[in-house]
Amino acid sequence: MGKVFVTRSIPQDGISMLQSRFEVEVWDGCDPPPRDVLLAKISGCSGVLTMLSDRVDNAFLDAAGSVLKGVANFAVGFNNIDVDAATERGVAIGNTPGVLTDATADTAVGLMIAAGRCFLPAVRNVSELQWRNWEPMMFLGQEFRGKTLGIVGMGRIGSAVAERLHFGWGMKVIYTSRTDKEEVGQRLAAKRVDLETLLQESDVISLHTSLQKDTRGLIGRAQFGLMKPNAILINTARGEIIDQDALVDALKSRRLFAAGLDVTDPEPLPSDSPLRELDSCIILPHIGSATFQARSRMSIMAAENLIAAIGGSPMPYGLNRVS
Ligand code: NAP
Ligand code: GLV
Ligand code: GLV
């Protein structure tokens, strides 16, 4: 019976599947295990179920040792994992694609409305006991019907956001991706453009690329300079895709109307981050996929990945090929 370490408490569905087959330890601290504790806990494990905040690198793989067969990330993003290093050692890596698409797309749409309609200063106004009258000129925001939506990264979540806003709000959709997305292109009358054009033409820009070398810092000073002054920027992908100092300057100088972020760099955002001060920047603590349904399905997929890898089969949602 192999050993499995689960680095945080997750829904029981996946845990029960693992418990019926393996000796399972679940870290149930309020905070993640400190790095040295994590490395000690995974020693001799056949499988590890990791969070997006756990770095899976050579030191991690060394600490687990040669019995390690698979690492299942409890996330679709896997920028925390050195997949090549794992492949070299014959360790399978898997993620949880698809089952969190709707939850995350809903979060992006919610952020668009919240940022565009000034929910953050409005809520602050109520909670800080400043609400006196019905004010015709306070908290005026933007409308979305018929406006242009720019999706950066037309993958699963990008197309789910585009679908909601095209059919729901009648938005015109343009997008960037390294490849043409013919099916969504036809269904949503969405046109693929270059990033420069997207930034110049969009009223709402929503980021959905994975984080990798060519998307780190993709949205920086030059890119903010191209945006419309009333543009709204939404990021539910990864914080590192935006140059955050450039975002602060752009918001302070009203180069754009507002931003809605579910992800930041780093996470959590430091207490003295200037982003926290800005009424035009609404920030969520990375809750994109935080629905009962998505998290339950993610736990099952991650368990299926580990069961397969430890049993010597390919992971059903695998990211690498190992023999
Ligand atoms: P996906 O289907 O793989 O979509 C990513 C898309 O980005 C792909 O279609 C890819 O298309 C495109 N892309 C990659 N590099 C690009 C570039 N340089 N320029 C433009 N487009 C590029 O993944 P997904 O399931 O939609 O998830 C997307 C990301 O969202 C994840 O990687 C994760 O980091 C993040 N996420 C966050 C949350 C949250 O809680 N906030 C939840 C889930 C996911 P091409 O290959 O054709 O370029
Ligand atoms: C969340 O950020 C994920 O990548 O699943
Ligand atoms: C607002 O509450 C309105 O009735 O217009």
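**Setting up.** I number residues from 1 along each chain as its sequence is written, with chains lettered from A and ligands numbered from 1 in the order in which they are written. Because the model is predicted, local features need pLDDT of at least 70, side-chain atom pairs count only at pLDDT 80 or more, and totals for chains, interfaces and linings use all residues; side-chain values use heavy atoms, with hydrogens and water left out.

**Entry 1, ligand 2.** I looked up which residues surround ligand 2 (one of their heavy atoms lies within 4 Å of it). I found Leu52, Ala75, Val76, Gly77, Leu100, Arg238 and His286. By class, I count four nonpolar, two polar and one charged residues in this shell. The classes are: Ala, Val, Leu, Ile, Met, Phe, Trp, Tyr, Cys and Pro nonpolar; Asp, Glu, Lys and Arg charged; the others, Gly among them, polar.

Next I listed polar contacts to the ligand (pairs of N or O atoms within 3.5 Å). A polar side-chain atom of histidine 286 is 2.6 Å from an oxygen atom of ligand 2. For arginine 238, a polar side-chain atom lies 2.8 Å from an oxygen atom of the ligand. Valine 76 uses a polar backbone atom, 2.8 Å from an oxygen atom of ligand 2. On its own, ligand 2 has 190 Å² of accessible area (Shrake-Rupley method, 1.4 Å probe), and the protein covers 89% of this.

I then turned to ligand 1, which 28 residues surround. The closest are Arg178, Thr179, Lys181, Gln212 and Asp262. The shell has six nonpolar, 16 polar and six charged residues. A nitrogen atom of ligand 1 is 2.7 Å from an N or O atom in the side chain of aspartate 262. In the side chain of aspartate 214, an N or O atom is 3.1 Å from a nitrogen atom of the ligand. Isoleucine 157 has a polar backbone atom 2.8 Å from an oxygen atom of ligand 1. The ligand exposes 920 Å² when taken alone, and the protein buries 87% of that.

I repeated the check on H12, residues 292-310: its 19 residues should span 27 Å, and its end C-alpha atoms are 27 Å apart, which agrees. Asparagine 305 is in this helix. Is asparagine 305 buried or exposed? I count it as buried because its relative accessibility is 0%. Beyond its neighbours within four places in sequence, its contacts (heavy atoms within 4.5 Å) are Ala72, Gly94, Asn95, Met315, Pro316, Tyr317 and Gly318.

Proline 34 is in the loop between strand E2 (23-26) and helix H2 (35-41).

Key: Helices (H or I, at least four residues) and strands (E, at least two) are DSSP runs, numbered from the N terminus. The expected span of a helix is 1.5 Å times one less than its number of residues. A polar contact is a pair of N or O atoms within 3.5 Å; within protein, one must be able to donate a hydrogen and the other to accept it, and residues adjacent in sequence count only if both atoms are side-chain atoms. Buried means under 20% relative accessible area, exposed over 50%, partly exposed in between (1.4 Å probe, protein chains only).
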